[in-house]
Amino acid sequence: MKCIVDTSGWYAFIVEKDSQHRQATDFLRSENHQLIFIEPVFIESTALIQSRQSKLLAVESGALIRGLGIRQLTDNQ
C-alpha cells in the first residue's frame, strides 16, 4: 500500500518517547507499505526532530528518509 507520510506520523515513528510511537511503529510494520515522502515533509520532520530531540537523531532520520526517496511536488506526479 502506498502511504504518504506526514510529519506527525514520522515523528511518532522516530521518537520512542512519543505517545503515538507504538501505533506508528505497528502500522508501518503491519504491511509492506511504500512510504512516500514529499520534500516539505522531509524538511519539516528533520527540523522538528532537531528542535525537540537532537541534531543527531534528526540527521539519522533524514538519512533514513533519503534512503527511501523524496518526491518533489510537481504537476505531473
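Strands β2 and β3 pair in the parallel sense over two bridges, where two strands count as paired if DSSP finds at least two bridges between them. This is a predicted model, in which local features need pLDDT of at least 70 and side-chain atom pairs count only at pLDDT 80 or more, while totals for chains, interfaces and linings use all residues. Residues are numbered from 1 along each chain as its sequence is written, and side-chain values use heavy atoms, with hydrogens and water left out. Helices (H or I, at least four residues) and strands (E, at least two) are DSSP runs, numbered from the N terminus.

**The sheet**

- The three strands form an open sheet in the order β1-β2-β3, with parallel pairing, and its edge strands are β1 (2-4) and β3 (70-71), each of which pairs on one side only.
- Helix α3 packs on the sheet, where it touches β2 and β3, and its direction makes about 85° with that of β2; contact here means heavy atoms within 4.5 Å.
- Strands β1 and β2 pair in the parallel sense over three bridges; Lys 2 has Gln 34 in β2 as its bridge partner, and Cys 3 stands opposite Leu 35 in β2.

- The buried residues of α1 are Thr 7, Trp 10, Tyr 11, Ala 12, Phe 13 and Ile 14, and they pack against α2 (21-30), β2 (34-38), α3 (39-52) and α4 (55-68).

**The pair α3 and α4**

- Helices α3 and α4 pack at an angle of about 155°, with their axes 7 Å apart; axes are lines fitted to C-alpha atoms, for helices over the stretch in contact, and angles run from 0 to 180 degrees between N-to-C directions.
- The two helices α3 and α4 are therefore roughly antiparallel to each other, a term that applies to angles over 145 degrees, whereas angles under 35 count as roughly parallel, 65 to 115 as roughly perpendicular and the rest as oblique.
- The contact is made by Phe 42, Thr 46, Ile 49 and Gln 50 of α3 together with Lys 55, Leu 57, Ala 58, Ser 61, Gly 62, Ile 65 and Arg 66 of α4.

Technical notes:
Buried < 20%, exposed > 50% of the residue type's maximum accessible area, 1.4 Å probe, protein only.
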